[in-house]
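Work through these exercises with the model open. Each task is followed by its solution.

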Amino acid sequence: MRMMIFGAGYSGKAIGALAAAKGHPVAGTTRSLEKKETLAALGIEPFQFGGVSLSEELIERMRTVTHLVQSIAPGASGDPLIPLLGEDIRTRLPLLEWVGYLSTVGVYGDHGGAWVDEKTPCRPASQRSVERLHAENAWQSLAAANDLPLTILRLSGIYGPGRNPFVNLTRGNARRLVKKDQVFNRIRVEDIAAAAMFLAEKRTAGIFNVTDNEPCPPQDVVAEAARLMGIEPPPEQDFETAELTPMARSFYGENKRVSNATITSLGFRFQYPDYRVSLAELWASGRWNK
């Protein structure tokens, strides 16, 4: 396996680091030159990519790639990578065997707290989720035209080392917003990496929800983190009267419980299946602020 990750950010870095730890050559792109050293320290060969054009250096490296992960968010004009690859993706990536696309459970939209799975019709509510669904469809068309196995990983709320309720509580910006019957799923970044590698190694095709086992009210997660820290949690706030940015408020416009039964039916096991197990490990290991 020779992997390239377009968009080696929080999730992309985790995938690349795990692939490198398994002995696979890995390359990853970043917009910022400052992040090149961080990627290199994880065993990821860094390339700069601003989303507009491919450098000759990057084009040459792509000729060796067998597994491609696309983690860059789409915009109003669609997925930024597809136009640069062209309709015949094998011109740029002649050795390509598998593609993984990182999407979001936001494509399902609001289901009033009901359970959803990969067969549930998508009805995205936010513009960013609409764009994700369009990007999913574009990748499906490109993969089908080139007879390539494509995995779409629909991710729930991502957290892990450096991005979690402990950090928010320490900074004093954690909030316990309460909206009646509201629940969210979440996913540890290490489980995203493990799921991506599990599917990549098998060259699996299909759509998979990569999410924990326990959708729950978001205020419960903050309270559990405060309990582990031995501090008082912030007071509960009524969602309806709280001051929120439009983007923050939009997250609460979608209420659903997301099933991970499809990927677990293949034999994948989540290391952090619920927020209690995950937060306990983060706090006990001291990795919460890494």
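A residue counts as buried when its relative accessible area is under 20%. The model used here is predicted.

**Exercise 1.** Classify F270 and F268 as buried or exposed.

Solution. Start with F270. Its relative accessibility is 11%, so F270 counts as buried. Now take F268. Its relative accessible area is 5%, so F268 is buried too.

**Exercise 2.** Classify the ring pairs that F268 makes with F198 and with F270.

Solution. Apply the plane cut-offs: under 30 degrees is stacked, over 60 is edge-to-face, and the rest is tilted. The structure holds 9 aromatic pairs. For F198 and F268, the ring centres are 5.4 Å apart and the planes stand at 55 degrees, so this pair is tilted. F198 sits in helix α8, while F268 sits in the loop between α11 and α12, so the pair links parts 70 residues apart in sequence. For F268 and F270, the centres are 4.9 Å apart with planes at 85 degrees, so that pair is edge-to-face.

**Exercise 3.** Describe how α9 and α12 pack.

Solution. Begin with the geometry. The two axes come within 10 Å and cross at roughly 35 degrees. The crossing is right-handed. Next, list the residues. From α9 come D220, V221, E224, A225, L228 and M229; they meet Y275, L279, A280 and W283 of α12. Finally, sort by class: 8 nonpolar, no polar and 2 charged residues. W283 also forms one aromatic cluster with F166 and W288.

**Exercise 4.** Which element gives the most to the largest nonpolar core?

Solution. This core has 29 residues, and M3, I15 and V210 have the most contacts inside it. Contributors of two or more residues include β1, α1 and β11. The top contributor is α8, with 9 residues.

Methods:
Residues are numbered from 1 along each chain as its sequence is written. This is a predicted model: local features need pLDDT of at least 70, side-chain atom pairs count only at pLDDT 80 or more; totals for chains, interfaces and linings use all residues. Side-chain values use heavy atoms; hydrogens and water are left out. A nonpolar core is a set of buried Ala, Val, Leu, Ile, Met, Phe, Trp, Tyr and Cys residues joined through side-chain atoms within 4.5 Å. Buried means under 20% relative accessible area, exposed over 50%, partly exposed in between (1.4 Å probe, protein chains only). Helices (H or I, at least four residues) and strands (E, at least two) are DSSP runs, numbered from the N terminus. Axes are lines fitted to C-alpha atoms, for helices over the stretch in contact, and angles run from 0 to 180 degrees between N-to-C directions. A crossing is left-handed if the near helix is turned anticlockwise from the far one by less than a right angle, and right-handed if clockwise. Contact means heavy atoms within 4.5 Å. Ala, Val, Leu, Ile, Met, Phe, Trp, Tyr, Cys and Pro count as nonpolar, Asp, Glu, Lys and Arg as charged, and the others, Gly among them, as polar. Rings of Phe, Tyr and Trp (its six-membered ring) pair if their centres lie within 6.5 Å; planes under 30 degrees apart count as stacked, over 60 as edge-to-face and the rest as tilted.
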